[in-house]
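Here is a short report on one structure.

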Amino acid sequence: MKIEVFVTGIISTNCYLVINEETKEAVLIDPAGMTKKMIAYIKEEGITLKAILLTHAHFDHIMGIDKTIEEFGEMPVYVEETDLPLLNNAKLNESTVYTNGYSYQGGTVIHDGDVLSIAGIDFKVIHTPGHTAGGVSYYIESENVLFSGDTLFRGSVGRFDFATSSKEALISSIKEKLLVLPDDTRVLPGHSHPTTIAYEKAHNPFV
């Protein structure tokens, strides 16, 4: 498995391309934008995109969905059920604050504990509410990798001042669902730099 990260969108979101190197199939996590560089890479490498996975439905993680589908064809867009209204509504996903508004009228609903077997890779869905009510993290146990979205950052945590946010839920999600993972788990967040569970246990002032 190979992971490529592209920093895209107006708030520098980490968009992850998770690739099965044997089959050249891949999933895209949190497409804030679909840049010329991303399009060129996917086409030049002969990659087939099989799905879009959303850690949550704030605008800065979803605004590249339509361009991705336009370039690479229809594919499921996975979102936790509680965040589906955000995906479908520009006001709720905060895009009207920064842009003219964006929404995606679709979404395949997922829930805590689901395992998405896509491109020969198993993504375990861990519901981590707090930043949004429907925030999730995706855990690939075989690779010891966690995509934490805007739940857990290196030395910090996601904002909890949005309409469906909750500081208590966020801290509980991190402590009870993420910090119980193996210490050497690589954490790939929605913004900024990667970290590990061990580092966050030792250094994150919020938890």
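## Terms and model

Helices and strands here are DSSP runs, numbered from the N terminus. The model is predicted.

Asp60 sits in a loop. That loop runs between β4 (48–53) and α2 (65–72). Is Asp60 buried or exposed? Asp60 has a relative accessible area of 9%. Buried means under 20%, so Asp60 is buried.

Which residues does Asp60 touch, not counting those up to four places away in sequence? They are Ile11, Thr13, Ala32, Asp150 and His191. With His191 there is also a polar contact between the side chains, at 3.2 Å. Phe160 is 100 residues from Asp60 in sequence. In space, the two are 16 Å apart, C-alpha to C-alpha.

## The largest pocket

By class, the lining has six nonpolar, four polar and four charged residues.

## The second largest pocket

The second largest pocket holds about 180 Å³ of space. Its lining has 14 residues. Gly120, Ile121, Asp122, Ile140 and Ser142 lie nearest its centre. Two elements, β8 (121–127) and β9 (136–140), each give two or more residues to this lining. The largest share, four residues, comes from β8. By class, the lining of the second largest pocket has six nonpolar, three polar and five charged residues.

Technical notes
Residues numbered from 1 in each chain as written. Predicted model: local features only at pLDDT ≥ 70, side-chain atom pairs only at ≥ 80, totals over all residues. Heavy atoms only, no water. Buried < 20%, exposed > 50% of the residue type's maximum accessible area, 1.4 Å probe, protein only. Contact = heavy atoms within 4.5 Å. Polar contact = N/O pair within 3.5 Å; in protein donor to acceptor, adjacent residues only side chain to side chain. Nonpolar A, V, L, I, M, F, W, Y, C, P; charged D, E, K, R; others polar. 1 Å grid on protein atoms, 1.4 Å probe; cavity = no way out; pocket = protein on both sides within 12 Å on 5 of 7 lines; lining within 4 Å. Points joined across faces, edges and corners; volume = space filled by probe spheres on them.
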